[in-house]
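Thanks for making the time this morning.

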Amino acid sequence: PVPAPPPIKSSAPSVEDTVARIIAEMGGVKPVVDATAPFAQGCIVTDGMVTKAAGEVNCSCCERSDCALSSAPVSLDISDEDAITLGEGVFATMDEAVEAAAEAQRQYLFCSMAARKSFVDGIREVFLDQAVLERISTMTVQQTGMGNAADKIIKNRLAASKTPGIEDLKTEAESGDGGLTLVEYSAYGVIGSITPTTNPTETIICNSIGMLAAGNAVVFSPHPRAKIVSLLSIKMINRKLAALGAPANLVVTVQAPSIDNTNAMMAHPKVRMLVATGGPAIVKTVMSTGKKAIGAGAGNPPVVVDETADIEKAAKDIVSGCSFDNNLPCIAEKEVIAVSQIADFLISQMQKNGAYLVKDPAVVKKLEELVLTAKGGPQTNCVGKSAVYLLDKVGISVGPEIRVVLIELPKEHPFVQEELMMPILPLVRATDVDEAIDLAVELEHGNRHTAMIHSTDVRKITKMAKLIQTTIFVKNGPSYAGIGVGGEGYTTFTIAGPTGEGLTSPKSFARRRKCVMVEALNVR
Ligand code: NAD
């Protein structure tokens, strides 16, 4: 007969006692959210782990359908004046902003992946609200004097809906006689993100989602010209995150963005990674800091059209891509290289689709004087202006159906060589597709950013893709298909050619870390 088990001694500690003893040894239980906040019960965290007990924890981390925090109504009604006041992620000094973000990130380490997902989804929700989309898009145009609100609504919605979230962070596992090894994507800590005037809110939305999904906190350095709309967006994110029970100050900035503040952010020891989305100067600056840096820099995207293309469609796509947000996107068509055999037909089709052809050398000269600086770069006050506006400035009055100013030019012309970011589209002729591809590679200037081709010859398409090495390569579509408008795939507004990440996503903002369990947990 099997002997009876010994009786359990009544002196054995209960599970509750053991848990209480361990929590006490770890320094007690700390709520992540402010206990005096309207939704007092936050994610309960000890110094080592999230403690989740049904009925006790009542926040977005608990995945309960009746969770008070995840269904919390939040008012995003923040006036322009209130947007630039201190609080809700806006700090007086960069030092205070970084310190607050560092504390937030420390707390964030102990939130569950479900919590992260709910915070990221909360950011999406804020910017998928039509009234918010319309407000920030209109405000951006008013404040920066660049682009058009209708296209900015599309770009902001795209950033909110198609930037990848936590699903991007896939764990790898290897097991064998030596045990089990995991390679996981883990947060950097506090990331400093510098954002451009051309996509101010899109970049804040995209980077907040991607960086928080990877477990980081983020300090933004917006372009001063887009200050109010940037601070407003950051405050709206903070308000939503607070309602969801997130640690306070995961997304922060300063009240007066400036180059000095950006420099202070880059130099702060608690900022572990820098991400610059902007022109060549700021990309070079972050790469020279000695910190891990992601540089998403300038482009000069060429579009090649050969004799095998559907010319009518190519003409339509090129005008649409080039005029999107008045040519502000770094991915937008900046010059056309057309094979001579079809160039005249392409030009005529572009004219049918909203291109105004300028042939008079006197008008070309006036446009040069209007839009170029003495150094040959673009005049800031013409960047992101419409074709109607630019033509009007040189004495030509056209209707709103005109979206692009088309000019045939030699390849040496500054309109061809420079990234103008306005809908002036130069067209250069090439004798054949091979010459067109070589020219496209030359005009892309090694930025490795974006290029397009309209062709049905798969060998030539492949040849161009191999030679040009751009992060985004669109075949037979407008450039914006490359960021997910009418094309498959996720979006990013931080396209990192110079530092090699290419299309950024949460895993770009994470470190690959290895966890090794020796001689165990291999069950094969
Ligand atoms: P910009 O370089 O003038 O400014 C970008 C940001 O850097 C701003 O916040 C600005 O305040 C800051 N900055 C610039 N110089 C600085 C300095 N010396 N010290 C500290 N901070 C500095 O660019 P912009 O006009 O705002 O944006 C347009 C440029 O950005 C274009 O070249 C465009 O191609 C590029 N861009 C690239 C991407 C991409 O994903 N690769 C996306 C958007 C824009």
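This is a predicted model: local features need pLDDT of at least 70, side-chain atom pairs count only at pLDDT 80 or more; totals for chains, interfaces and linings use all residues.

Stepping back, the open sheet here is made of 3 strands in the order E4-E5-E20, with antiparallel pairing, and its edges are formed by strand E4 (172–176) and strand E20 (510–518), each of which pairs on one side only. From one strand to the next, the twist averages 20°.

Now to a pair of helices. H7, residues 200–213, packs against H8, residues 227–243, at an angle of about 30° and with the axes 9 Å apart; because angles under 35 degrees count as roughly parallel, the two helices are described as roughly parallel to each other. Their crossing is right-handed. On the H7 side the contact involves Pro200, Thr201, Ile204 and Ser208, which meet Val229, Ser230, Ser233, Ile234 and Ile237 in H8, and by class these residues comprise 5 nonpolar, 4 polar and no charged.

Finally, the domains. The assignment gives domain 1 as 20–62, domain 2 as 88–297 + 505–514, and domain 3 as 302–484. Between domain 2 and domain 3 the C-alpha centres lie 32 Å apart, and 10 residues of domain 2 are in contact with 11 residues of domain 3. On the domain 2 side of that contact, the residues divide into 2 nonpolar, 4 polar and 4 charged.

Key. Residues are numbered from 1 along each chain as its sequence is written. Axes are lines fitted to C-alpha atoms, for helices over the stretch in contact, and angles run from 0 to 180 degrees between N-to-C directions. Helices (H or I, at least four residues) and strands (E, at least two) are DSSP runs, numbered from the N terminus. Angles under 35 degrees count as roughly parallel, over 145 as roughly antiparallel, 65 to 115 as roughly perpendicular and the rest as oblique. A crossing is left-handed if the near helix is turned anticlockwise from the far one by less than a right angle, and right-handed if clockwise. Two residues are in contact if their C-beta atoms, placed from the backbone, lie within 7 Å. Ala, Val, Leu, Ile, Met, Phe, Trp, Tyr, Cys and Pro count as nonpolar, Asp, Glu, Lys and Arg as charged, and the others, Gly among them, as polar. Domain bounds come from an automatic or database domain assignment. Two strands pair if DSSP finds at least two bridges between them.
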